[in-house]
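Subject: Structure handover and notes

Dear colleague,

I am passing on the structure below, together with notes on what was found in it.

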Amino acid sequence: MRDQSDEKNKILYISAACGFIALLVLWIIVDYSIIASFIIGVLFALLVAILLWIGWYDEAQSDEAVLPEDTDEDDFDDVSSTIPAQTVDIDQEQIHSEAEEAEEAEEAEEAEEAEEAEEAEEAEEAEEAEEAEEAEEAEEA
């Protein structure tokens, strides 16, 4: 029971210190009013406390697995760890194939843009040629 109270006290001390630092920063550096700084500091301290409470664990407790009394630790020796590795390999293959598809799509878009640019240039050249012909016809007339 003492470990849990020590854990809670550590979380409270850390979150209070973070809230106080936030209060000082907002009040002195950012020039918020003391009331606004206090409210934001309290909210920040609560956020820090919640995050610490969620993520806090005792390494001594996590190292010791809790097994039922009739279970032998030898029962878990034959469990193969290759299944997660295969899953990771499949995920990596999917990631690579998705990346290749994205690259191919980008290349196709670039090719389409290049074709559109060429067509636009050809259209401009054709317009310029027509204008030059019209200008020549106007000069001849």
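Within the protein chain of this predicted model, confidence is lowest in helix H3 (residues 59–63), with a mean of 55, and highest in H2, with a mean of 94; the score is pLDDT, the predictor's confidence in each residue, from 0 to 100. For the protein chain the mean pLDDT is 79, and 70% of its residues reach 70 or more. Where pLDDT is low, the predicted coordinates should not be read in detail.

On conventions, residues are numbered from 1 along each chain as its sequence is written, and side-chain values use heavy atoms, with hydrogens and water left out. Because the model is predicted, local features need pLDDT of at least 70 and side-chain atom pairs count only at pLDDT 80 or more, whereas totals for chains, interfaces and linings use all residues.

The protein chain holds 4 helices and 0 strands, where helices (H or I, at least four residues) and strands (E, at least two) are DSSP runs numbered from the N terminus, and its elements run α-α-α-α from the N terminus on. Of its 141 residues, 8% count as buried, a term that stands for under 20% relative accessible area, with exposed meaning over 50% and partly exposed what lies in between (1.4 Å probe, protein chains only). Among the contacts (heavy atoms within 4.5 Å) with a separation of 6 or more, 50% join residues 24 or more positions apart.

Turning to H2, this helix has 22 residues and reaches 31 Å from its first C-alpha to its last, close to the 32 Å expected at 1.5 Å a residue; the expected span is 1.5 Å times one less than the number of residues. The buried residues of H2 are Ser 37, Gly 41, Ala 45, Val 48 and Ala 49. They lie on the same side of H2, because they cover an arc of only 105 degrees around the axis, the arc being that of the directions from the helix axis to the C-beta atoms. On the other side of H2, Ile 35, Leu 43, Leu 51, Trp 53 and Ile 54 are exposed.

Which residues does Ala 45 touch, not counting residues up to four places away in sequence? They are Ser 15 and Gly 19. Ser 15, found in helix H1 (residues 2–29), is buried with a relative accessible area of 4%, and, leaving aside neighbours within four places in sequence, Ser 15 is in contact with Ala 45, Val 48 and Ala 49.

Two further residues deserve a note. Asp 31, in the loop between H1 and H2, has a phi near 65 degrees, a positive value in a residue other than glycine, and counts as exposed at 62% relative accessibility. Ile 34 lies in helix H2 (residues 34–55) and is partly exposed, with a relative accessible area of 41%; its C-alpha is separated by 8.0 Å from that of Leu 23, 11 residues apart along the chain.

Best regards
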